[in-house]
Amino acid sequence: MAEGTVISQSVKESAAAYAIIREQFGSAVSEFDGNATMPFFEVLDASLWQDIALFMRDHAKLKFNYMACLSGVDYFPEEKLGIVCNLESLGALGHRLAVKVSCPRSGGAIPTVSCVWHTANWHEREAYDMFGIDFTGHPDFRRILCPDDWEGFPLRKDYKVQESYHGIKVPY
Amino acid sequence: MQELDIAGLGSVRVTRKDNNVVVIEKGLATDQMVLAMGPQHPSTHGVLKLECLTDGEVITEAEPYLGYLHRCFEKYCENVDYPAIVPYTDRMDYLSGMNSEFAYAITVEKLLDIEIPRRVEFIRVIVAELNRIASHLVAIGTYGIDLGAFTPFLFCFRDREHILSLLEWASGARMLYNYIWIGGLSQDIPADFTKRVKEFVDYFRPQAKELYRLLTENEIFIKRTIGIGIMPADVAINYGWSGPMLRGSGVKWDLRRNDPYSVYPELDFKVCVPDGRHSEIGDCLSRHLVRALEIDESLNIIEQCISKMPSAEGFDPKAAIPKRIRPKAGEVYGRAENPRGELGFYIQSDGKSTKPLRCKARSSCFVNLSAMKDLSKGQLIPDLVAIIGSIDIVLGEVDR
Amino acid sequence: MGNSLNAWSEALTGFAPMGLPLGMVILAAIPLVFIAVYALTYGVYGERKISAFMQDRLGPMEVGKWGILQTLADILKLLQKEDIVPSSADKFLFVIGPGILFVGSFLAYAVLPFSPAFIGASLNVGLFFAIGIVSIEVVGILAAGWGSNNKWSLYGAVRSVAQIVSYEIPAAIALLCGAMMAGTLDMQQINVMQSGPWGFANFFLFQSPIAWLPFLIYFIASLAEVNRAPFDIPEAESELVAGYFTEYSGMKFAVIFLAEYGSMFMVSAIISIVFLGGWNSPLPNIGSFALNDMTNGPVWGVFWMVMKGFFFIFVQMWLRWTLPRLRVDQLMYLCWKVLTPFAFVSFVLTAIWEIYVP
C-alpha cells in the first residue's frame, strides 16, 4: 500500500510539471499519460523539441537538470522512429517526467538536445547508431558502438544483417 | 610582422623592419603528436581507446572511442524472454553482477506490479551490497595500480576473494551469478550463510582500515589525485553523472535514498559525500574517498539486513515468480544504485509477447565516461590515467 | 687469508701466456659472474618473493622447491623467444641501446672495492668515475627509446633522460660530502678511512650528524637514477606501457633487466662505501673481545660489502612495493627545489664540520 501512494505521489508531481509545459507550448505537446510506471507526454511538433527541452531545464518550477536516459525506439508497423527521454529534477525539485519525440522513419530528423544536457550527446549518437535517427545540429555526429562503415541500423525491427564485413562473414 | 609556417620548418617568424630588412627567426619546430592510448593500454581498464592529441606531455584533446566490447545486449533482449535476460545483465557490468540483476529485476517487477516476499528483498540487498564492496575493492585496487602502487591491488583482491566465495556459495557462480530472478531468487541462501557473512564483516573491517592507511592516506597518492580532474556539481549533473562520481562532486544523491527501492527505506546508512577537508570537491581524490567510505556503509547495511531478515521457515524464493512473465502493454524506466552509478532499464512491452519490444540499458559508465573529453583537456598523461581510473569504468557496461 | 687472496689475485694479474692478458680478463669477469648470480638469485627471485610476502602471497612456488628454479625457467623462456626487431625501428640504435645500458651499469663495478684485496681498478678518481659512468646509461636509454620508433618508448626515453640528468646533481653533491669527509676520491681509500676498532662508529654516517643529510639525499636520488619506484616514471607501466623498453623482447629485454639490477646493486654499493664503510665490519671491538678484528679481512670484506648492498636493495624493493608513483612535474620539483638546495646546504655544512670539528 505504501508503495502505491509513493507512485501516485510522483505521478501527481509529474502532472503538475506537465501542466506548466502545456501552458507554455499548448498544442505542440500531447496529453499527459499518467501511468504508474513511467508518466510521459509526447512532443507533437518535433521542431519545437529543443525549445521545450531548454524550457524544461531552465524554468524555475521545472528545473529538469538531469537526463537519466535517452532511448531510441522503433515503432515498427508504424512508419515512425522515436526517442524516449527520462528527465529528472535532481537535487532541486525531485520530480520526474518522460518525454517522447518521434520522427518519420525515412528522412525524418529530431533536433539535438546535447546542447541542453551533455548526457544526450553520446545517447543521441547511440540512437543514431542503432536506429538511424538523424539528430540535427549534433556537434559530433558519428556512430559510437558499431564501426563507422557498418551497414544498416541494428536495432530497427526490419534490420537485415550484412553478409560480410571486410571479408569477414557476419551471420554465422 | 608576419608569422609564416613554411612547410617542414615549423614556426618561422618573419619580421619586416622599417628599412625593409627581413629578419627571419626560426623557432624550435614543435608539433602536436597523435597518441593512441588503447585499446590495449594497461590502464584503460579494458578496451577503451583514447585518441590523444599531445603537446609534449600535455594532452590538448582526448577523444574516446568505444565499441570494442559491444555485444548487442539490446538486440539480444528483443529476442529472448524476460527471465532469460538476467544472465545477460550479469555480463554487462561483470564486476557487479548482483547489482545489475537487481536493477533489472525491480524494473520488470515494477512493470508486472507484483509483491516480493520480504526475505527475498533482504537477501537481495545483502548480496547486492556484498557485490558493491567487491566492486569498490576492484575500483580502489586498480586505481592504486594506475598510480603505481601495486600492493593495495593485491590486498583488495585478497579480500574480494572472500566475497566471491560467499556469493559463489549462495549462487553457484563467482562472477556471473544469475541469482536474482524476476520476482524472486534462483535459490535460498545456504543455511549458515548469514553467519559466514557476519564473520566476513568482522574480518573485513580492520582490513578496510589497513587498506585505507596504505593507499588513501599515502602522501604521494594524495599528491597525485588532489585537484586533478575537478568536476563542478552542476556540470556533473548536466553530464548525467551518478553514483560515486556525482557524490564526489558534492551532490548528496543516492538512489537508495532518493528514489528508494526494495527495503532500503528501512535501513540506516549515510550517503557519503566529501567534506572538502581532505580533498578539493569534485577531484579524483574525492571520488576515491567516496568509494572508500561507501565500503563501510555497505558493511553497515549488511549487518542491519542480517538482523532484520525474516527467518527461512516456510520460505520459497520462487513463490512470487509468475508462471509466465508477460507484462501488460506499457513502458517502464526502472533503476537502481550500482557501484558505478545509476543503472537504468527502459523496457517497452506490447502486452502480447513474452519478449520485450525494446530494452535499453542506461549504463552508468557510459554516461560517466562521456565527460572524459572535457576532463582530459590540458592534463598531463599521468593525470589522464588518474582521471580514467577515478571514473572506474567497466567496458563491458560501457559497450554493452 | 687476506694476504693469500691478495697474492692469488696478483698472480692472476700477472698470468699472461703468449703476451695475452688472460689473467686480467678472468679478473674482470668476476664481477660479471657476480652480477649474473646476484641478479638471478637475489634480484629476480628475491624481488618476487619479497613482493609476494609483502602482499600476502607465496610468489613463485612451482618450479623447484619454493620456486627457486623459476628464474632459470624464465631465462630458458627468454632465450627461446624470437629476437624481434620492429621493421620500422632504427635497427642500429635499437640493437645497441641495451648494450650501452648494460655496459654503463657494469663499468662502474670496475671501481667498486669488494674487499681490501679485491678491486677491479683502483683509480684515484674512483668515485668520480662511478658518478660519471652512470650517465652513460642515459645514452643507452635514449638510443633504446628513440630507436624503437614507438611513441611510448620515446616518452619513456625523454622522461628518463630528464630524470637521470637532473638527479645526478643532488646525487653527486651528496657523494661529494662523503668524499670531503674522506679527503679522497679513491674508493678503496674511502673505505680505509672508515676502518677502525669501533666498527660502525667509524663509518662516516656516524662520524658526523650532518652526514645523514647527504646520505638520505643520495639514497633518494639513487632511486631516481636507477628508475626504481616511486620514481619509475620512465617505465611507468600504467602510463607508458613499459616505457623505453616497450618494443624489446627476448634476450634484449633480459639484458635491459640485468642492467637494471646491475645498477641497483651499484648504487647500493656506492652508498654503503661512501657512508657505511663498504667492506668494513660494523661490529666493534668490545674490550678484549676483538669482534671487529675477527670479522674483517678480504673474504669478510666481500661478505659485508654484499650484505650492505643487499640491504639497500631490499629497501629499494620495499619502497617499490609500498609507494605509488610520482608525477613527472612532482619528480622534477623534488629534485630541483628540495634535494638540490639541501644537497648544497649539506655540502657547506660538511665543509664547516670538517674544518672546525676535529
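Domain bounds in this tour come from an automatic or database domain assignment. The model is predicted.

**Chain B: the two domains**

Select residues 1-31 of chain B, which form domain 1, and then 72-375 together with 394-399, which form domain 2. With centres taken over C-alpha atoms, domain 1 of chain B and domain 2 of chain B lie 59 Å apart.

**Chain B: a three-stranded sheet**

Next, pick out strands β4, β5 and β6 of chain B. They make an open sheet in the order β4-β5-β6, and the pairing is antiparallel. Residues 33-37 (β4) and 58-65 (β6) of chain B are the edges; each has a single partner strand, so one side of each has no neighbour in the sheet. Direction ignored, neighbouring strands here are turned by 20 degrees against each other on average.

In general, strands of a sheet pair through backbone hydrogen bonds, parallel or antiparallel.

**Chain B against chain A**

Now show chains A and B together. The contact between them draws 25 residues from chain A and 30 residues from chain B. To find the chain B side, select these elements, each of which supplies at least two residues:

- helices α1 (73-77), α3 (97-112), α8 (233-238) and α12 (364-369) of chain B;
- strands β9 (330-338), β10 (341-349) and β11 (358-362) of chain B.

Which element gives the most to the side of chain B that touches chain A? That is β9(B), with five residues. Colour this side of chain B by class and the count is 12 nonpolar, eight polar and 10 charged residues.

**Chain B: an annotated stretch**

Select residues 146-400 of chain B. UniProt, in an unreviewed entry, places the feature "domain: NADH-quinone oxidoreductase subunit D" there. Across residues 146-400 of chain B, 47% of the chain is helix and 11% is strand. The C-alpha atoms at the ends of this stretch are 24 Å apart.

**Chain C**

How many helices and strands does chain C have? There are 15 helices and two strands. Chain C has 358 residues, of which 48% count as buried. Taking contacts in chain C between residues at least 6 apart in sequence, 77% join residues at least 24 apart.

Definitions and conventions:
Residues numbered from 1 in each chain as written. Chains lettered and ligands numbered in written order. Predicted model: local features only at pLDDT ≥ 70, side-chain atom pairs only at ≥ 80, totals over all residues. Pairing = 2+ DSSP bridges. Helix = DSSP H or I, 4+ residues; strand = E, 2+ residues; numbered from the N terminus. Axes fitted to C-alpha atoms, helices over the stretch in contact; angles between N-to-C directions. Contact = placed C-beta atoms within 7 Å. Nonpolar A, V, L, I, M, F, W, Y, C, P; charged D, E, K, R; others polar. Buried ≥ 20, exposed ≤ 12 C-beta atoms within 10 Å, placed from the backbone. UniProt positions renumbered as here; feature names shortened; annotations may be inferred.
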